[in-house]
Every structure is written in structure tokens, then in C-alpha cells.
Amino acid sequence: CASIGFAVSVHAEWHQVRMPVSVSVVTTNGITSAEFKWNQSGCEDLDGIGPLIRKGSRFSYNFDLEVETGVVCPQYVIAEHTTVVLGKLAPGTYTLTTTSWGVPVATTTFTIPTKSSFPGR
């Protein structure tokens with residue numbers, strides 16, 4: 001009885017996200033959050049790994065996309081999301097830059113209005 005062996009190399013590749021991620025910024029009870037939504041398929045693993053970085057009125061948050069290669073990928077798509085709390089923000093204009101492996105891929109500009117900007121006040 002003889003056996004023949006062989007090695008299979010399975011590895012993951014890391015790719016920059018090309019912005020299949022949508023960003024919504026909402027303020028509830030004075031606390032502002034960014035909700036990131038995306039779809040991923042069988043061999044993809046998109047992680048919002050952060051951390052949230054703030055420099056004055058500029059925020060950034062990082063995502064890394066890992067794609068497993070050398071295997072058969074399941075044929076499904078999963079809707080994913082993550083919420084990042086930006087905090088209690090003073091009225092003004094802010095930017096949130098979404099990065100992938102530290103490289104900017106999209107910028108979202110949003111405004112926190114003054115209380116007098118709300119109708120009925």
C-alpha cells in the first residue's frame with residue numbers, strides 16, 4: 001500500500017475596499033453615530049477594525065477586506081453593518097473619512113445644526 005501526499009497552499013489576500021460601504025450619519029438624543037452598511041460574499045471578510053480617529057472636526061474609520069483564495073467560495077451574500085459612535089458634537093460641519101488599510105476611499109460630510117435650526121423652536 002502506497003500513499004501519495006501533496007500540499008495545498010491556502011492563503012488570504014488583503015485588498016483595499018473600493019467603497020461598497022454606505023455611510024449614514026444620525027444624531028439621536030444628542031449623540032451622533034455613523035452607520036456603515038455593506039454586502040459581502042462567501043470568501044470575503046470585511047472588518048471595520050477602527051479605531052475611530054478624531055482630529056478637530058475630522059473623523060476617520062478604517063475597514064480591511066480579506067479575500068480567501070485557493071478554496072471554493074460559497075455562493076451567498078450577507079448584509080452586514082456596524083455602528084460607530086462619534087459622540088456628542090457641537091453644531092458645525094464635520095467630515096468622516098472611510099479608509100481601507102489606512103488609505104482614504106470615501107469622505108462623508110455632515111452638519112450638526114444649531115437648536116434654532118430645528119423647525120418649531
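User: What is the strand order of the open sheet of three strands?

Analyst: This is a predicted model. The pairing in the open sheet of three strands is antiparallel. The order is E2-E3-E7.

User: Which strands stand at the edges of this sheet?

Analyst: An edge strand here has a single partner strand, so one side of the strand is left without a neighbour in the sheet. That applies to strand E2 (22–28) and strand E7 (77–87).

User: By how much are neighbouring strands of this sheet turned against each other on average?

Analyst: The angle is an average over neighbouring strands of the sheet, and direction is ignored. The value is 25°.

User: Which residue in E3 is the bridge partner of Val25?

Analyst: E2 and E3 run antiparallel and are joined by seven bridges. In E3, Val25 has as its bridge partner Ala34.

User: How many aromatic pairs are there?

Analyst: Two rings of Phe, Tyr or Trp count as a pair if their centres lie within 6.5 Å. By this rule the number of aromatic pairs is six.

User: Are the rings of Phe36 and Tyr61 stacked or tilted?

Analyst: Planes under 30 degrees apart count as stacked. The ring centres of Phe36 and Tyr61 are 5.4 Å apart and the planes stand at 25°, so the pair is stacked.

User: Which strands hold Phe36 and Tyr61?

Analyst: Phe36 and Tyr61 are both buried. They are 25 residues apart, and their pair links distant parts of the chain. Phe36 lies in strand E3 (residues 31–41) and Tyr61 in strand E6 (residues 58–69).

User: What kind of pair do the rings of Phe59 and Tyr94 form?

Analyst: Planes under 30 degrees apart would be stacked and planes over 60 edge-to-face. For Phe59 and Tyr94 the centres are 6.2 Å apart and the planes are at 45°, so the pair is tilted.

User: How many residues apart are Phe59 and Tyr94?

Analyst: Both residues, Phe59 and Tyr94, are buried. Phe59 is in strand E6 and Tyr94 in strand E8 (residues 92–100), and the pair links distant parts of the chain. Their separation is 35 residues.

User: Which residues do ring pairs link into a cluster?

Analyst: Phe36 and Tyr61 are a stacked pair. Ring pairs link these two with two further residues, and the cluster consists of Phe36, Tyr61, Trp38 and Phe63.

User: Is Thr99 buried or exposed?

Analyst: Thr99 is found in strand E8. Residues up to four places away in sequence aside, Thr99 touches Tyr61, Asn62, Phe63, Pro104 and Val105. Its relative accessibility is 9%, and under 20% is the cut-off, so Thr99 counts as buried.

Technical notes
Residues numbered from 1 in each chain as written. Predicted model: local features only at pLDDT ≥ 70, side-chain atom pairs only at ≥ 80, totals over all residues. Heavy atoms only, no water. Helix = DSSP H or I, 4+ residues; strand = E, 2+ residues; numbered from the N terminus. Buried < 20%, exposed > 50% of the residue type's maximum accessible area, 1.4 Å probe, protein only. Pairing = 2+ DSSP bridges. Axes fitted to C-alpha atoms, helices over the stretch in contact; angles between N-to-C directions. Contact = heavy atoms within 4.5 Å.
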